[in-house]
Amino acid sequence: MKPFIRAAAVLALSAIVPVAAHAHKAWLLPSSTVLSGKDDLAVTVDAAASNDLFYFDHRPLRLESLVVTGPDGAKVETENASTGKYRSTFDVPLKAPGTYRISLVMDGASARYKEDGKEKRWRGRAENMAKEIPASATDLVVTQNVRRIETFVTSGSPGGAALKPAGTGLELEPVTHPNDLVEKSEAEFKLLIDGKPAPGVKVEIVRGGIRYRNQLGETTVSTDDNGVFKYTWPEAGMYWIEATVSDDKATLKDAKERRAGYSATLEVLPE
């Protein structure tokens, strides 16, 4: 296909592809998810929000809210952290065998209000809201936004305390180990909200590599009454899952609504 014809075809396709296919997706991508060995093991993790999954084409994720939990349940200090124009990156030393949970845990806020009769919007850190929204603002509506972005890495044998839920916000409690996923096999997970089962929540599942296919190929499943969802992986690769919940359980002053989000990057291995 000639270059100008191909470009025209791409433009035509972009006009009919759903907007959701181009929504920015936030993710953590480890250089490896399963490692074996004894000494000097580590993974490098990229953190970004992008249009195409696992490509750097929009903006970096900031690392102020990064938490890495080791197999013993203790916090692991990362190394060589840096943030560029399109991605952040950091190294996680794997000094002990077991599973590591790598998370960005964010608690922010958004608001809409009127100032001098004009509609205004604000989004940012909850602690900055009071000083960044004018005291003269009227019709203030505040929403608390909590979000957890994760991936998992196992060194040697899986296990340890890293998979234990924190009990706040929307979380994934693995039934199938997140580093033991195989194509054509069914995996089972449980979603929790504040440590309790989250029933009736829709979970979007997308395989990476969407830059090289015309269809997003997303799948949506729902949690049952016990917060459990199951999925059979159609093929090997890196996958991104996301779920959101809205409720009235906000803990932020003046907030009437809470929006809790969860997303994770998982690797599915060949049979």
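Biologist: What counts as a strand, as in strand S10, where Thr143 is found?

Modeller: A strand is a DSSP run of E with at least two residues, and strands are numbered from the N terminus. This is a predicted model. Thr143 is found in one such run, residues 138-155. That run is strand S10.

Biologist: How many helices and strands are in the chain?

Modeller: Both kinds of element occur in the chain. The count is two helices and 18 strands.

Biologist: What radius of gyration does the chain have, and what would a compact globule have?

Modeller: The chain has 271 residues, so a compact globule would have a radius of gyration near 18 Å. The value for the chain agrees with that. It is 20 Å.

Biologist: What does the C-alpha trace span along its principal axes?

Modeller: The span is given along the principal axes of the chain. It comes to about 65 × 55 × 40 Å.

Biologist: Which share of the residues is buried, and which share of the accessible surface belongs to carbon and sulfur atoms?

Modeller: Of the 271 residues, 44% are buried. The accessible surface comes to about 14,700 Å². The share of that surface on carbon and sulfur atoms is 49%.

Biologist: Which share of the contacts with a separation of 6 or more joins residues 24 or more positions apart?

Modeller: Take the contacts in the chain with a separation of 6 or more. Residues 24 or more positions apart account for 67%.

Biologist: How far apart are the mean positions of the positive and negative charges?

Modeller: The chain has 35 positive and 37 negative charges.

Biologist: Is Thr143 buried or exposed, and which residues does it touch?

Modeller: Buried means under 20% relative accessible area. Thr143 has 7%, so it is buried. Leaving out residues up to four places away in sequence, Thr143 touches Gly108, Ala109, Ser110, Ala255, Glu257 and Arg259.

Biologist: Where is His177, and which side chain does its own side chain meet in a polar contact?

Modeller: His177 sits in the loop between strand S11 (170-174) and strand S12 (186-193). Its relative accessible area is 18%, so His177 is buried. Not counting residues up to four places away, His177 touches Thr99, Thr154, Pro158, Gly159 and Leu163. The polar contact, at 2.8 Å, is with the side chain of Thr99.

Biologist: Why does Asp116 count as exposed?

Modeller: Asp116 lies in the loop between strand S8 (98-115) and strand S9 (118-125). Its phi is near 55°, a positive value in a residue other than glycine. Exposed means over 50% relative accessible area. Asp116 counts as exposed because its relative accessibility is 74%.

Biologist: Why does Asp194 count as partly exposed?

Modeller: Asp194 is in the loop between S12 and strand S13 (196-197). Phi of Asp194 is positive, near 55°, and the residue is not glycine. Asp194 counts as partly exposed because its relative accessibility is 32%.

Biologist: Which backbone oxygen does the side chain of Ser50 reach?

Modeller: Ser50 belongs to strand S3, residues 42-50. At 0% relative accessibility, Ser50 counts as buried. Ser50 and His24 are 26 residues apart in sequence, with their C-alpha atoms 5.0 Å apart. The backbone oxygen, reached at 3.3 Å, is that of Tyr55.

Biologist: How far apart in space are Leu170 and Glu127?

Modeller: Leu170 lies in strand S11. It counts as buried because its relative accessibility is 2%. Its contacts beyond four places in sequence include Arg148, Leu192, Ala243 and Tyr262. Leu170 and Glu127 are 43 residues apart in sequence, and C-alpha to C-alpha they are 21 Å apart.

How values were computed
Residues are numbered from 1 along each chain as its sequence is written. This is a predicted model: local features need pLDDT of at least 70, side-chain atom pairs count only at pLDDT 80 or more; totals for chains, interfaces and linings use all residues. Side-chain values use heavy atoms; hydrogens and water are left out. Helices (H or I, at least four residues) and strands (E, at least two) are DSSP runs, numbered from the N terminus. Buried means under 20% relative accessible area, exposed over 50%, partly exposed in between (1.4 Å probe, protein chains only). A polar contact is a pair of N or O atoms within 3.5 Å; within protein, one must be able to donate a hydrogen and the other to accept it, and residues adjacent in sequence count only if both atoms are side-chain atoms. Contact means heavy atoms within 4.5 Å. The radius of gyration is taken over C-alpha atoms; the globule rule is 2.2 Å times the number of residues to the power 0.38. Accessible areas come from the Shrake-Rupley method with a 1.4 Å probe; for residues, only the protein chains shown count as cover. Lys and Arg count as positive and Asp and Glu as negative; His and the chain ends are not counted. The place of a charge is taken as NZ of Lys, CZ of Arg, CG of Asp or CD of Glu.
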